[in-house]
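Subject: Structure for you to look through

Dear colleague,

I am handing over the structure we spoke about, and I would be glad if you opened it beside this message and followed along. My notes on what was found come after it.

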Amino acid sequence: MGCSFQKKEALGQKTQLFPTGADILDQVKDVDKKLFGVILEILRKDRFKDCIEFLSDKGNQRQLESQILQQAGNFTKGDTQQDLSDIRKDMKLITDVLKKLKDHDINNKDFSSKENEESKLILINSIKDNKQIIEFLEFLVHLTAIDGTQIQCGSNSLHTLVQMKVDLRNQSLENIKIKNTSLIGGNFTRCNLSGSVFENVDISGVNLNGAQLLNCKWKNIKIHELNKLDGHRHWVKSVCFSHDGNTLASGSHDNSIRLWDVKTGQQKAKLDGHSNDISSVCFSPDGNTLASCSHDNSIRLWYVKTRKKKAKLDGHTSYVSSVCFSPDGNTLASGSDDYSIRLWDVQTGQQKAKLDGHNNLVMSVCFSPDGNTLASGSDDKSIRLWDVKKGQQKAKLDGHTHYVNSVCFSPDGNILASGSEDESIRLWDVQTGQQKARLDGHSNLVISVCFSPDGNTLASGSNDNSIRLWDVKTGQQKAKLDGHTSYVYSVCFSPDGNTLASGSNDNSIRLWDVKTGQQKAKLDGHTSCILSVCFSPDGNTLASGSHDKSIRLWDVKTGQQKAKLDGHTSTVYSVCFSPDGNTLASGSDDKSIRLWDVKTGQQKAKLDGHTSTVYSVCFSPDGNTLASGSDDKSIRLWDVKTGQQKAKLDGHTSCINSVCFSPDGNTLASGSDDKSIRLWDVKTGQQKAKLDGHTSCILSVCFSPDGNTLASGSNDKSIRLWDVKTGQQKAKLDGHTSCINSVCFSPDGNTLASGSDDKSIRLWDVKTGQQKAKLDGHTSCINSVCFSPDGNTLASGSDDKSIRLWDVKTGQQKAKLDGHTSCINSVCFSPDGNTLASGSDDKSIRLWDVKTGQQKAKLDGHTSCINSVCFSPDGNTLASGSDDKSIRLWDVKTGQQKAKLDGHTSCINSVCFSPDGNTLASGSNDYSIRLWDVKTGQYKAKLDGHSNGILSVCFSYDGNTLASGSRGYSIRLWDVKTGQQKAKLDGHTSYVYSVCFSPDGNTLASGSSDNSIRLWDVKKGQQKAKQDGHSDWVMSFSLSPDGNTLASGSADYSIRLWDVKTGQEIKSSDKNYKDILAQFKIPLQQNCPFQEASNYITTLLISQQAIFQAQGALIFRGEFINQSGIDLKTLFKQKGSCILENQLHCNKK
């Protein structure tokens, strides 16, 4: 109700921008969203340019209604009159809304502007839960590709969708026109943006990984990645904004000073005169004078307008490291390696005073805002405060344990910040001289600190190459700005506080947007590897423990760091929330366990007892007991309230890496470097069971919610599932990295799947011929693909050791099944489609739950690689053939081996059940085929005739004929009942890798390493057709269920479709840029990062600020120009995009 009231209240404010917009959009909340797609399709097809004009014409309306009734039959209600009435009603609503929006601010103003921020939030709050309105916004975005009068409306819609974090990944956004808006942080992973037109759009922090960007026209593009000012030939040691914020001065080790236009990033002037590197630059308050100091021992004053030298101030006897104007501009202070500070009269250039006291180099000087106090930081590790009028030292601030490189007053003059080579920043109370806070986070010396104009934020630059922003009130790190590739020597805020400038040892200056953090910010906090993370019970907070000795609490929704918990003196290995979420436990290499108050961030208790590293901590379900596992080989139970040790559990012979309570709190599981898992009775402290199986140390254990299953993760790269009651291993899940050798039709024959060594699978529409002709993507041969019985899921097995499940309709990867440690040679669905079997070179067979993607069982027994797996027709038995010369039959339900069929004297390459499930055929390198009785396990017949190893066997659909392909180049047809050879089919000039019957049994297809596919007339034994085209071995193929189309997969990494009747290759009819992409097949495989990036791109980057990404994006021709006229293709290439015209040029060469 509160949300509705807020909405109504907002709608009443007719003078505001967004509430009225929300009121208009609210009218489409009940429109059938599927109509949007139908309208777009008709508009595109008939090429209408004005949507409103078309929809308003009555003649067009009748024509449109008729087409919609035909096209939208799948979502109408069945009653034609009612359907027509509903369509007319919805069409009128859509037309009315489009008319209102056309003349509304939504189509005339930039919703991303700052002045509209508050109203935009009201709009988003009003529509965020209405899927129809969100769909309508997407419709408006697509409409920009058709209707030029709705471009700003669609642009604001896309901005709103980005702000609402609507999932825009994998969408076709071809030809959209977007202008005058911000898409900061938008995730367009794998989107097709080809033909799009962008004008005056901010794409900072956008994720374009894997996107298609063909023939785009992007002009006047904003992107903070380019806020990098290059020109200096050596280190940039100092930067300073003019007081109007329009000019930035920089001083460098190349002996020059440069003035830059902040808006354009262009160099305005280069000031030469110093004979050594420049240490510091500073504008006078009126902006007319620039002071610089140098290792040539001099200070120089420059006229900013004329760029001429105004004066040269001599007096220091060693290099000058820092200069600073007093607030009134009349006095200049300087600090030097001669250990002195000097005050200069700016008008006369004469020295007014010399302040002595430091006994080492003075690195930094800074006036207080009132000009009465001067602060100085020195290599003598001290900070000193000086009375400017008297020239006397007022205070000495001690605390830093190393050189003080930078000092800076807050705008109100009450706080002084200092940065030191002890890697810390300290905040000091100017009046008392006491330290107020210490800011830790940098992993190397802090060179520069600077307050924002409002005094709420402190920026620091460090030798760890990063800039960090700190909240002055809380002392917490707000952001970490990464981008510089070397030391950051200087940081400076612009007068309005919105921009931060930084100068670095990487010779560059960078400008950062303080609010958005662009360039901007991979905002980390930890300075070393993160070893443990844990969500709070409500899911809103994430805790992390790190090698940097700290624990950090993060807001899960925003990604912002909420708190940093310091106390441990060494690596934090484990963190765990109490069940109520109020307490966090941590275990550390400092041998201690600490309990923290989550709300305050304060340490509540320190539990000592372990004599070595504590690797794991876990609360009991009731929160009263804490368990800990340690490198001292013991587990300890602690009373959370008292902090006292309750029990010590001994038994493991090496360090304990993980402990976990069962859901009822009665059992504790522990995993150890001794390769065992142990179950303990929490009440008695006695060991209940020891679970063996892992071949290396166990790193993690976890109970299932029902407490019946325990999962364990090990250094042997496997995950195992254990039955808690019996202690038996239920399943093993591993991980891997390498080839796919098969193509397969869906059961309805409409879709072809292909798998390839480029680690991708592609799905092809057989009817339309989309991406059918030569399917590239894989970088090696395809081993096996298999459709689920319902045709909705495709499984693929690869030399990358993975199995992947794909949604056939969307083409999206549903799951990646890891577990095998070597290439997968065969995959096969059970008849009900619920289980997938896989056979691998790692000698194992694995059964996977298709719905969950979890490994159900690991069938061990074979002593060499498994080449083929096949389910029986009833799904109860799995057959496998191996290089160990044996065939094994497995009970699918229990995972137990039912039989071992011996007889072959060499490796088995192929196994196949007869249609009735009673007979199993096997082909071997011993030149023989054997037929086995499935029930008895006895072999029924041995079919001899081949003069070389048999690579493939296949039953005809009626089960009466068996086909076999051989290394001897021949194919043989066998009578299953008599075991006699019926025919010998000759023609191939090399190995026959695959044979397959057509559904009617009249045609046999064969694929060979002679690079050809041949079709044979089964009755006549004659060759019907020879299909050439592949440039390497044909490893696998499949006939569509109707027998009209053949798909082939080859070691040339391609898949081809063939018309069985004509013998001709079916060519692609996809005109949507596939003709362009076809030119780049070889580069995509060998020379371009796209093939790898398209599979390993980041689809969602979890960081505190958005980072511009374009890994694996495809760019062809088009324009990508920023506001300064810079071609952005160079930036895209640096980000990992593939510039296709460059690849084509290389190809032609």
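Predicted model: local features only at pLDDT ≥ 70, side-chain atom pairs only at ≥ 80, totals over all residues.

I would begin with helix 3, which covers residues 34-46, and helix 8, whose axes come within 10 Å and cross at roughly 10°. With angles under 35 degrees counted as roughly parallel, helix 3 is therefore roughly parallel to helix 8. On the helix 3 side the contact is made by Phe-36, Ile-39, Leu-40, Leu-43 and Arg-44, and on the helix 8 side by Gln-132, Glu-135, Phe-136, Phe-139, His-142 and Leu-143. Sorted by class, the residues of this contact between helix 3 and helix 8 are 7 nonpolar, 2 polar and 2 charged.

A second pair packs in another way: helix 7 (residues 117-127) and helix 9 (residues 151-163) meet at an angle of about 70°, and their axes are 11 Å apart. Since angles of 65 to 115 degrees count as roughly perpendicular, that description applies to helix 7 and helix 9. If you display the side chains, you can look for Lys-120, Leu-123, Ile-124 and Ile-127 in helix 7, which meet His-159, Thr-160 and Gln-163 in helix 9. The contact of helix 7 with helix 9 divides into 3 nonpolar, 3 polar and 1 charged residue.

Ser-586 sits in strand 38, residues 583-588, and because buried means under 20% relative accessible area, Ser-586 counts as buried at 0%. The side chain of Ser-586 makes a polar contact of 2.7 Å with the side chain of His-568, and another, of 2.9 Å, with the side chain of Trp-596.

Ser-840, in strand 61 (residues 835-840), is likewise buried, with a relative accessible area of 0%. Its side chain reaches the backbone nitrogen of Asp-842 at 3.0 Å. Once neighbours within four places in sequence are left aside, Ser-840 is in contact with His-820, Ser-822, Cys-823, Ile-824, Asn-825, Cys-865 and Ile-866.

Is Asp-975, finally, buried or partly exposed? Asp-975 belongs to strand 74, residues 971-975, and with a relative accessible area of 23% it is partly exposed. The side chain of Asp-975 reaches the backbone nitrogen of Thr-978 at 3.1 Å, and, not counting residues up to four places away in sequence, Asp-975 touches Asn-960, Gln-980 and Lys-982. From C-alpha to C-alpha, Asp-975 and Leu-943 are 9.8 Å apart in space, while in sequence they are 32 residues apart.

Methods:
Residues numbered from 1 in each chain as written. Heavy atoms only, no water. Axes fitted to C-alpha atoms, helices over the stretch in contact; angles between N-to-C directions. Helix = DSSP H or I, 4+ residues; strand = E, 2+ residues; numbered from the N terminus. Parallel < 35°, antiparallel > 145°, perpendicular 65-115°, else oblique. Contact = heavy atoms within 4.5 Å. Nonpolar A, V, L, I, M, F, W, Y, C, P; charged D, E, K, R; others polar. Buried < 20%, exposed > 50% of the residue type's maximum accessible area, 1.4 Å probe, protein only. Polar contact = N/O pair within 3.5 Å; in protein donor to acceptor, adjacent residues only side chain to side chain.
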